[in-house]
Amino acid sequence: GCTAPTVTPSVATEESLETTTSAAQKLSNVIITTIYDNNRYDPRLRTSWGFSCLIELKDTTLLFDTGGDGAMLLSNMSILGLDLQEIDHVVLSHIHGDHTGGLEAILATGTKPVVHIPSSFPASFKDQVRARTQARSITDPTKILDGVYSTGELGSGIIEQSLVLDTLEGLVVITGCAHPGIVDIVTRVREVHDGEIHLVIGGLHLGGKSRGELQDIAASLRRLGVQKLAPCHCTGDEAVRLLAEEWGSDFIANGVGRVIEIGE
């Protein structure tokens, strides 16, 4: 894949970010549907390497990453009865094609979501998006909507942003591939936001790690207070097995078609 230039993210102060979501603004009735993944959950849907999930809130809908193949993304959404025209925001985690490849197909339908792009993306990519719809470059931790935040750019090789939802049940962290390291990402979230980590969902990029390394990562996530896990995409089979053992009934099997409801 492409490597982005090194960026040292500056940590925003809580004051500048307004991360203290009032109880009234905390998200309730959040529905997260994995709509593109290389792991199967709903047998009706097609799988392919990559990740995308749809986040339905009371007043708005966000798409986090777009998978690698636009036709497959749209087909899976159609089978699930999800309306592309409802998407108000698209958040791209990092530059790799298995996370950005479906964007063109979405914009080609004429829908005009606001696309939130890490600042380190190539200017040519951002220009192409701006020719079709509104684009916002993200560097530091920032608020996207009430109760919805970006971690800002993290990492020194492959630069990546993750999404944070401040729900009635706690913070939900959504990762594309966790290239900067899932422990570093969750640590950043704990530094910037008040509240417990209710759920981490998405690719954790743990394939190829030794059992000892995986145990250390699991212990670190436990220390950071991660209550539930729903890993998929690039997490790796051995890591998924170990994390499923460690989290027990708080482990959520994830794959394309999985629906997770939070704060009912």
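R211 is partly exposed, with a relative accessible area of 39%; here buried means under 20% relative accessible area, exposed means over 50%, and partly exposed lies in between, with a 1.4 Å probe and protein chains only. The model is predicted, so local features need pLDDT of at least 70 and side-chain atom pairs count only at pLDDT 80 or more, while totals for chains, interfaces and linings use all residues. Residues are numbered from 1 along each chain as its sequence is written, and side-chain values use heavy atoms, with hydrogens and water left out.

R211 meets E245 in a salt bridge, with 3.8 Å from N to O. The term stands for a side-chain nitrogen of Lys or Arg within 4 Å of a carboxyl oxygen of Asp or Glu. E245 lies in helix α8 (residues 237–247) and R211 in helix α7 (residues 211–223), so the contact ties together parts 34 residues apart in sequence. Helices (H or I, at least four residues) and strands (E, at least two) are DSSP runs, numbered from the N terminus. E245 is exposed, at a relative accessible area of 59%.

By the salt-bridge rule the count comes to 7. One of them joins D166 and K26, at 3.0 Å from N to O. This pair links distant parts of the chain: D166 belongs to strand β9 (residues 163–167), K26 to the loop between α1 (14–17) and β1, and they are 140 residues apart. D166 has 3% relative accessibility and therefore counts as buried, whereas K26, at 26%, counts as partly exposed. Another salt bridge is formed by K143 and D146, whose closest N and O atoms are 2.8 Å apart. K143 is partly exposed at 25% relative accessibility, and D146 is partly exposed at 39%.

Next comes the sheet. Its 7 strands form an open sheet of mixed pairing, in the order β6-β5-β4-β3-β2-β1-β13. Two strands pair if DSSP finds at least two bridges between them. The edges are β6 (135–138) and β13 (259–262), each pairing on one side only. On average, neighbouring strands are turned by 20 degrees against each other, direction ignored. Axes are lines fitted to C-alpha atoms, for helices over the stretch in contact, and angles run from 0 to 180 degrees between N-to-C directions.

Strand β1 (residues 30–37) runs antiparallel to β13, and 4 bridges join the two. I31 has E261 in β13 as its bridge partner. Helix α2 (residues 70–79) packs on the sheet and touches β1, β2 (51–56) and β3 (61–64), where contact means heavy atoms within 4.5 Å. The direction of α2 makes about 135 degrees with that of β1. Helix α5 (residues 123–130) also packs on the sheet, touching β5 (114–118) and β6, and its direction makes about 175 degrees with that of β5.

Two loop residues remain. Most residues other than glycine have a negative phi. N29 has a positive phi, near 50 degrees. N29 sits in the loop between α1 and β1 and counts as partly exposed at 35% relative accessibility. The phi of H233 is positive as well, near 45 degrees. H233 is placed in the loop between β12 (228–232) and α8, and H233 is buried, with a relative accessible area of 4%.
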